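Let's take a walk through this fold, from its helices to its core and its charged pairs. Have the coordinates open and follow along.

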Amino acid sequence: MRRGWVGGFLVLAGLFASLTSQSAQAQAQPKTQQPSLDARVEQFLESNRNRWNAWNVPFEDGKILHDLVVANGFKNILEIGTSTGHSTIWLAWAAAKTGGKVVTIEIDPGRHRIALEHFKQAGLEPYVDARLADAHGLVKQLAGPFDFVFNDADKEWYLNYFKDLDPKVAVGGCFTAHNTLRIYARE
């Protein structure tokens with residue numbers, strides 16, 4: 001029996017699950033209420049709305065990520081799979097509002113370079129710690145705790161990332177994953 005891939009919708013795994021007994025520590029920036037930053041980010045996102053390729057989340061999924069972070073005051077954010085930075089921009093914009101910061105990991109030097117430029121253009125550089133690395137190894141080395149994780153890298157490794165991060169997600173934290181149904185799209 002063939003199972004087909006079902007769309008690119010954001011699938012939230014373990015939403016608001018209490019995964020460990022660690023408490024969240026602020027490793028972040030001070031909260032900001034900067035109308036000029038909001039206007040700059042909104043303008044950047046809108047002007048690039050139709051330019052993001054398949055390696056980036058859709059605009060609507062980025063908004064969901066942003067809203068989850070802001071609504072819950074998440075500060076210590078980890079993203080696995082930066083691509084050229086669309087989801088990171090949504091997460092960093094939210095982090096600017098919560099006093100947080102995003103650690104994001106990308107393995108491809110070209111995409112990493114483009115993402116850095118996008119963060120600069122959007123005015124979000126202070127809220128992003130962009131790492132050029134293989135997440136398979138780096139995720140194991142990161143100390144945590146993280147109160148929000150967004151997993152959007154190599155789909156076959158999702159379970160491994162979850163196992164590596166489970167003890168590093170704070171109580172009340174949120175672990176999200178994108179395109180999880182692709183994992184099961186086999187003949």
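**Starting at the end of a helix**

Just after H2, Gly73 takes a positive phi of about 65 degrees. Helices here (H or I, at least four residues) and strands (E, at least two) are DSSP runs numbered from the N terminus. Before going on, a word on the ground rules: this is a predicted model, in which local features need pLDDT of at least 70 and side-chain atom pairs count only at pLDDT 80 or more, while totals for chains, interfaces and linings use all residues. Residues are numbered from 1 along each chain as its sequence is written, and side-chain values use heavy atoms, with hydrogens and water left out.

Back to H2 itself. This helix has 14 residues and spans 20 Å from its first C-alpha to its last, close to the expected 20 Å (the expected span being 1.5 Å times one less than the number of residues). Which residues of H2 are buried? They are Phe59, Asp61, Gly62, Leu65, His66, Leu68 and Val69. Buried stands for under 20% relative accessible area, exposed for over 50%, and partly exposed for what lies in between, using a 1.4 Å probe and protein chains only.

Zooming out, the protein has six helices and six strands, and from the N terminus on its elements run β-α-α-β-α-β-α-β-α-β-α-β. Of its 187 residues, 47% count as buried. Take the contacts (heavy atoms within 4.5 Å) between residues at least 6 apart in sequence: 84% of them join residues at least 24 apart.

Now for the inside. A nonpolar core is a set of buried Ala, Val, Leu, Ile, Met, Phe, Trp, Tyr and Cys residues joined through side-chain atoms within 4.5 Å. The largest one holds 30 residues, and Ile89, Leu91, Leu124 and Phe148 touch the most other members. H1, H2, helix H3 (86-98), helix H4 (109-122) and strand S5 (146-151) each supply at least two residues of this core. The largest share, eight residues, comes from H3. If you click on Ile89 and leave aside its neighbours within four places in sequence, you'll find it in contact with Val41, Phe44, Leu45, Trp52, His118, Phe119, Ala122 and Leu124. Apart from this core lies another, of 16 residues, among them Leu78, Val103, Ala135 and Val169.

On to the rings. Rings of Phe, Tyr and Trp (its six-membered ring) pair if their centres lie within 6.5 Å; planes under 30 degrees apart count as stacked, over 60 as edge-to-face and the rest as tilted. That rule gives four aromatic pairs. The rings of Trp90 and Trp93 have centres 5.8 Å apart and planes at 45 degrees, so this pair is tilted. Trp90 and Trp93 sit three residues apart in helix H3, which puts about one helical turn between them, and both are buried. Phe162 and Phe175 make an edge-to-face pair, because their ring centres are 4.9 Å apart and their planes lie at 85 degrees. That pair links distant parts of the chain, with Phe162 in helix H6 (residues 158-165) and Phe175 in strand S6 (residues 169-178), 13 residues apart. Phe162 is partly exposed at 28% relative accessibility, whereas Phe175 is buried at 4%.

A charge sits over a ring if NZ of Lys or CZ of Arg is within 6 Å of the ring centre and within 35 degrees of the ring normal. The charged end of Arg49 sits over the ring of Phe59, 3.6 Å from its centre, and that of Lys97 over the ring of Trp93, 4.1 Å from its centre.

Side chains of opposite charge can pair when their charged atoms come close. The cut-off is a side-chain nitrogen of Lys or Arg within 4 Å of a carboxyl oxygen of Asp or Glu, and the count comes to six salt bridges. In one of them, Glu60 meets Arg49 at 3.5 Å, N to O. Glu60 lies in helix H2 (residues 59-72) and Arg49 in the loop between helix H1 (35-47) and H2, so the pair ties together parts 11 residues apart in sequence. Glu60 is partly exposed at 47%, and Arg49 is partly exposed at 31%. Arg111 and Glu106 form another salt bridge, with their closest N and O atoms 3.1 Å apart; here Arg111 is partly exposed at 23%, while Glu106 is buried at 5%. Arg131 bridges to Asp129 at 2.9 Å between the closest N and O atoms. Finally, salt bridges that share partners join Glu46, Arg49 and Glu60 into one network.
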